[in-house]
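Here is a walk through one structure, from a helix pair to a sheet and then to some loops. Keep the sequence beside the view as you read.

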Amino acid sequence: MSLCNLGDEALTQLAQRAHRLESLCIPMCSGITDISFRVLLSRHHHTLTCLDITGCYHISASAISQISLCPALTSNPHIHTLSLSHLTMVTDNVLERISNTLLSLHVLDLSGCIKVTSMGMSHLVKQPLRALDLGSTAVSFRGCCAIANYLASSLRQVSFNFCSDINDECVRKIVQKCKKLERISVFGCSYIRNFEVFARINPGLVLEF
């Protein structure tokens, strides 16, 4: 279900009336706050598989962390797609709490989460991530090393668009280690120049720049 211009009252009613909510996409709904978001989690944490709260900037870090506190998720981690894009309250600590519990994440969008750093990447060790968007975050070489080590067997797509600290060495590390990588996006990364080298390492790789 995808909604726009949604407020607390509408989301609360939806959460209370829906019998089984599996997918919820509410990007840029600035009217959503912790009040309705906590109601949503309390009633549907056991069925949600896809959650997109891109740009819902009135949801606090503590409420987002509550995703990891839902009892059912500990033994039944259903959520495989999670978008926290452009939520500036998302930090490495929030990422740690979420990653420790949501053990079936395949798609994670952290683009625009400017407080997410390389340290946060070390928390992805338990994740079978296939697609990871880190555009406009503070991830650097250290974070790329963590990605290359922890996601080597699963990662297929990664985006570093407009990450100011990403350079050739960062990309080379990931391309060499992540053998299943199909696509990498580096728009706005001015320190990346050796595209031919990446193509030789992985001839089938799609480079977006």
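Helices α7 and α8 are roughly parallel to each other; angles under 35 degrees count as such. Their axes cross at roughly 5 degrees and come within 9 Å. Axes here are lines fitted to C-alpha atoms over the stretch in contact, and angles run from 0 to 180 degrees between N-to-C directions. Helix α7 covers residues 141-150, and α8 covers residues 168-177. Helices are DSSP runs of H or I with at least four residues, strands are runs of E with at least two, and numbering starts at the N terminus.

This is a predicted model, in which local features need pLDDT of at least 70 and side-chain atom pairs count only at pLDDT 80 or more, while totals for chains, interfaces and linings use all residues. Residues are numbered from 1 along each chain as its sequence is written, and side-chain values use heavy atoms, without hydrogens and water.

Which residues of α7 meet α8? They are F141, C144, C145, I147, A148 and N149. Across from them, α8 supplies E169, C170, K173, I174 and K177. Contact means heavy atoms within 4.5 Å. Seven of the residues in this contact are nonpolar, one is polar and three are charged. Ala, Val, Leu, Ile, Met, Phe, Trp, Tyr, Cys and Pro count as nonpolar, Asp, Glu, Lys and Arg as charged, and the others, Gly among them, as polar.

Now the sheet. Eight strands form an open sheet in the order β1-β2-β3-β4-β5-β6-β7-β8, with parallel pairing. β1 (23-25) and β8 (206-208) stand at the edges with a single partner strand each, so one side of each has no neighbour in the sheet. Strands pair if DSSP finds at least two bridges between them. β1 and β2 (residues 50-52) pair over three bridges. In this pairing, L24 stands opposite L51.

Next, the loop between β6 (157-159) and α8, where N161 is found. N161 is buried at 18% relative accessible area. Buried means under 20%, exposed over 50% and partly exposed in between, with a 1.4 Å probe and protein chains only. The N161 side chain reaches the backbone nitrogen of V186 at 3.4 Å. F162 lies in the loop between β6 and α8 too, but is exposed at 55%.

Finally, backbone angles. Most residues other than glycine have a negative phi. F162 has a positive phi of about 60 degrees. H86 also has a positive phi, near 60 degrees. H86 is found in the loop between β3 (81-83) and α5 (92-99), and is partly exposed at 47%.

Definitions and conventions:
Angles under 35 degrees count as roughly parallel, over 145 as roughly antiparallel, 65 to 115 as roughly perpendicular and the rest as oblique. A polar contact is a pair of N or O atoms within 3.5 Å; within protein, one must be able to donate a hydrogen and the other to accept it, and residues adjacent in sequence count only if both atoms are side-chain atoms.
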